[in-house]
Amino acid sequence: MATNRRIWLKHIGLGLAGIGLANVESFAAPAIPGLKELRNNDNAILLRSNENPYGPSPLARRALAGNLNISNRYNWELASQLISAIAKSNNVSDGNVLLGAGSTELLDLVSKYVSTEKGSYVIADPSYDYWTVTLDNSGLKKIKVPVTADKRTDLQAMSGAISQDTKLVYICNPNNPTGTICERELLVKFVAGVPQSTIILVDEAYLDFTKQQSLSNLITIYPNLIIVKTFSKIYGLAGARIGYALADRKTIDRLSNLQSSPDNSVSVLSRLAAMASLKDTRFIADCYSLNEAARQYTIDELKKLNLRCIASYANFIYFSLSDFKKDYFQLLKNNNILGTKIYEEQGKWTRITVGTMEEMKAFIKAIQ
Ligand SMILES: Cc1ncc(COP(=O)(O)O)c(C=O)c1O
């Protein structure tokens, strides 16, 4: 019989006596002398995977460096502490939170959860779909719903694509790769209209780059609503692999029963880094503003080059290369810049991550 996660944590907690906890509370107030980008050794400009060029935050770096010596211990209680911190920051209860090694693990868990029976799933096209391999391998039929002409997720068409056998509908908000956002009011209506037998998976990986409120306040109303969030984007912890799901208590318990060691795929250091990041509100605010400025600069410059750009609510920009006369990908290569692929052949739409202002200037110079 599958172990209930609450009981499991309690059971594990019994063995904690004597294990010294890292002093999370001792992190000092943030002092950011001016954020500088962090580069890989090859000095390539990475505008490929929507990472935060400035992260981890100063407090997270201090937490990582200062706690190396407790990596010899499991320290399960830190998972509970992080769950509480996440619950507090999302205004939900501890029982509504499940941790994973990046939101990818949670997306995968949800896939396993819905793949026990045959049926279909609905996803916008294009959208973030690297994670759907489990759904595809389980034989679930993929129903792709094209985005609108202005590259928005077509909620009405997605509603219409849901049938009796639809196990899951996935909404990425803001949508990767288009950068568009669904109006919250429309999203709330959409959620209310989805039958209870269909899981609504809302991916809020990039919502921190907007002023829009999370759908987390709806999880207690709709047990079929699962929200996934990540520390990989604005929190700058992509390499630390930490994300979480928010859902109704029973849904979280069902998902956690699919993890062999619930909440424990995340390393002790990553848990500490995530907790420190949640406290580093100044870093998050700075990253928000810096992203906004570099994004606006890039959009303005791309428009000067007569390239069609979609207004972005994230840390990347979707634009069309159909009027670009040179070899865009060769120019990136020549300048040691990593971009990404063509997502839609029709219109030759591609995406560029918003890096630092300096990086975006180098990007524009490379393609001018
Ligand atoms: C929309 C979206 N969701 C989820 C992920 C996965 O993020 P992670 O597994 O690092 O949390 C990404 C990564 O780029 C993404 O763009």
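Trainee: Let's start with threonine 298: buried or exposed?

Mentor: Threonine 298 is buried, and its relative accessible area comes out at 0%. Buried here means under 20% relative accessible area, exposed means over 50%, and partly exposed is in between (1.4 Å probe, protein chains only).

Trainee: Before I get carried away, what kind of model is this?

Mentor: It's a predicted model, where local features need pLDDT of at least 70 and side-chain atom pairs count only at pLDDT 80 or more, while totals for chains, interfaces and linings use all residues. Residues are numbered from 1 along each chain as its sequence is written, and side-chain values use heavy atoms, leaving out hydrogens and water.

Trainee: Okay. Where is threonine 298 placed, and which residues does it touch?

Mentor: Threonine 298 is in helix H10. Helices (H or I, at least four residues) and strands (E, at least two) are DSSP runs, numbered from the N terminus. Leaving aside residues up to four places away in sequence, threonine 298 touches Ile317, Met360, Phe363 and Ile364. Contact means heavy atoms within 4.5 Å.

Trainee: Which residues of H12 are buried?

Mentor: H12 covers residues 357–367, and its buried residues are Glu359, Met360, Phe363, Ile364, Ala366 and Ile367. Down the helix axis, those buried residues fall within an arc of 160°, so they line one face of H12. The arc is taken from the directions running from the helix axis to the C-beta atoms. Exposed Glu358 and Lys365 are on the face of H12 turned away from the buried side.

Trainee: What do the buried residues of H12 pack against?

Mentor: Their partners include helix H10 (281–304), helix H11 (328–334) and strand S9 (316–320).

Trainee: How do H10 and H12 sit relative to each other?

Mentor: Their axes come within 9 Å and cross at roughly 10°. Axes are lines fitted to C-alpha atoms, for helices over the stretch in contact, and angles run from 0 to 180 degrees between N-to-C directions. H10 and H12 are therefore roughly parallel. The cut-offs are under 35 degrees for roughly parallel, over 145 for roughly antiparallel, 65 to 115 for roughly perpendicular, and oblique for the rest.

Trainee: And which residues meet there?

Mentor: From H10 it's Ala293, Ala294, Tyr297, Thr298, Glu301 and Leu302, and from H12 it's Met357, Met360, Lys361, Phe363, Ile364 and Ile367. By class, that contact has nine nonpolar, one polar and two charged residues. Ala, Val, Leu, Ile, Met, Phe, Trp, Tyr, Cys and Pro count as nonpolar, Asp, Glu, Lys and Arg as charged, and the others, Gly among them, as polar.

Trainee: Switching over to H9. What angle does H9 make with H2?

Mentor: Helix H2 (residues 58–66) packs on H9 at about 155°, with the axes 8 Å apart. H2 and H9 are therefore roughly antiparallel. On the H2 side, Leu59, Ala60, Ala63 and Leu64 make the contact, and on the H9 side Leu269, Leu272, Ala273, Ala276, Ser277 and Lys279 do.

Trainee: How about H3 with H9?

Mentor: H3 (residues 77–89) and H9 (residues 268–279) pack at about 25°, with axes 10 Å apart. H3 and H9 are therefore roughly parallel.

Trainee: What's in the loop between H2 and H3?

Mentor: Isoleucine 70 is in that loop. Isoleucine 70 counts as buried, at 16% relative accessibility.

Trainee: Now the backbone. Which peptide bonds are cis?

Mentor: One joins asparagine 173 and proline 174, with omega about -5°. Another joins asparagine 176 and proline 177, with omega about 20°. Proline 174 is in the loop between S5 and H7, and proline 177 is found in the loop between S5 and H7 too.

Trainee: Which residues have a positive phi without being glycine?

Mentor: Aspartate 263 has a phi of about 70°, and asparagine 336 has one of about 55°. Most residues other than glycine have a negative phi, and most peptide bonds are trans.

Trainee: Are those two buried, partly exposed or exposed?

Mentor: Aspartate 263 is buried at 0% relative accessible area, whereas asparagine 336 is partly exposed at 38%.
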